[in-house]
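Please look over the chain below before reading on. The notes after it are meant to be read with the structure in view.

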Amino acid sequence: MGLLEAAGDGRYTMHQTIADYARFHLDTHAPQERLVAYTLTFLERHRVDYEILAQECSIILLALEAAFLLGKHREVVRGVCTFLPFLILRCNYTVAQYHLQHARQAALVLDDSEGLVATSLYLGDLAGRQGKYVQSQTLLQEGIIYARRQGDMEHLCALLSLLGRPLWKQGKYAQAETSLQEGLLLARQNGYRDQMSELLSTLGSVVASMG
């Protein structure tokens, strides 16, 4: 009694004075490490439960920041890439960009090709959504190089799909069509139905623009 305060919906918060006192006397990273470990497991269990992620968003962001400050590079890449679709869906681009840069740094330190593919994809997607088409194109093409080296067909298909958009928006219709057709071939060969739908939609727009 007194340690916790009811926050509604059966949830509780620690009393601010107690939290401040505990933080002041903290002389170990063990609580942050437990928070990071718990949050990664939680994220992977609820990656598409967007209502739950929205409820826990502040704690998840705190854990991602803690992982970065503790130099836990693998955890940063893993956590950020799992949480990014939610942040993009909610159009929280500034926060997404901030944590993606951390994940990018971590992937470079680790020489993690898979992490570099994923961060290139998300950074390119973010740039495109904000109208930065040249930047988006560069990032996505970089991701495509990593994905080809890795033989990562699923991410390659997603990157080719996304690349079609900035090329189309810049009026580079022939290049956009080439990228999208390659992505469509991969999607059909591997049964990537969601990608197939997106690729056909963008391809339709490109072809319409070409008359």
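What follows is a short briefing, grouped by topic.

This is a predicted model, in which local features need pLDDT of at least 70 and side-chain atom pairs count only at pLDDT 80 or more, while totals for chains, interfaces and linings use all residues. Residues are numbered from 1 along each chain as its sequence is written, and side-chain values use heavy atoms, with hydrogens and water left out.

**Overall layout**

- The protein chain has eleven helices and two strands; helices (H or I, at least four residues) and strands (E, at least two) are DSSP runs, numbered from the N terminus.
- In sequence order the pattern is β-β-α-α-α-α-α-α-α-α-α-α-α.
- The C-alpha trace spans about 70 × 35 × 30 Å along its principal axes.
- The chain has 211 residues, and 40% of them count as buried; buried means under 20% relative accessible area, exposed over 50%, and partly exposed in between (1.4 Å probe, protein chains only).
- Among contacts with a separation of 6 or more, 55% come from residues 24 or more positions apart; a contact means heavy atoms within 4.5 Å.

**Salt bridges**

- Side chains of opposite charge can pair when their charged atoms come close.
- The whole structure holds six salt bridges, each being a side-chain nitrogen of Lys or Arg within 4 Å of a carboxyl oxygen of Asp or Glu.
- One of them joins Arg 11 and Glu 56, with an N to O distance of 2.7 Å. This pair links distant parts of the chain, 45 residues apart: Arg 11 is in strand E2 (residues 11-14), and Glu 56 is in the loop between helix H3 (50-55) and helix H4 (57-69).
- Arg 11 is partly exposed, at 27% relative accessible area, whereas Glu 56 is buried, at 16%.
- Another salt bridge pairs Arg 78 with Glu 44, whose closest N and O atoms are 2.6 Å apart. Here too distant parts of the chain are linked, since Arg 78 is in helix H5 (residues 73-89) and Glu 44 in helix H2 (residues 30-45), 34 residues apart.
- Arg 78 is partly exposed, with a relative accessible area of 38%, and Glu 44 is partly exposed at 32%.
- A further salt bridge, between Arg 129 and Asp 125, has an N to O distance of 3.0 Å. Arg 129 and Asp 125 are about one helical turn apart because they lie four residues apart in helix H7 (residues 113-129).
- Arg 129 counts as partly exposed at 46% relative accessibility, but Asp 125 is buried at 14%.

**Core and buried residues**

- The largest nonpolar core has 57 residues, of which Phe 83 and Leu 84 touch the most other members. Such a core is a set of buried Ala, Val, Leu, Ile, Met, Phe, Trp, Tyr and Cys residues joined through side-chain atoms within 4.5 Å.
- Apart from neighbours within four places in sequence, Leu 84 contacts Ala 96, Leu 100 and Tyr 122.
- Cys 81 lies in helix H5 and is buried, with a relative accessible area of 15%. Beyond its neighbours within four places in sequence, Cys 81 is in contact with Ala 118, Thr 119 and Tyr 122.
- Thr 39, in helix H2, is buried at 3% relative accessibility. Not counting residues up to four places away in sequence, Thr 39 touches Ile 60 and Ala 63.

**Packing of H7 and H8**

- Two packed helices are described by the angle between their axes and the distance between the axes.
- The axes of H7 and helix H8 (residues 133-150) come within 8 Å and cross at roughly 160°. Axes are lines fitted to C-alpha atoms, for helices over the stretch in contact, and angles run from 0 to 180 degrees between N-to-C directions.

**Positive phi**

- Most residues other than glycine have a negative phi.
- Cys 91, which is not a glycine, has a positive phi of about 60°; Cys 91 is in the loop between H5 and helix H6 (93-110).
- Asp 111 also has a positive phi, near 55°, and sits in the loop between H6 and H7. Asp 111 counts as exposed at 62% relative accessibility.
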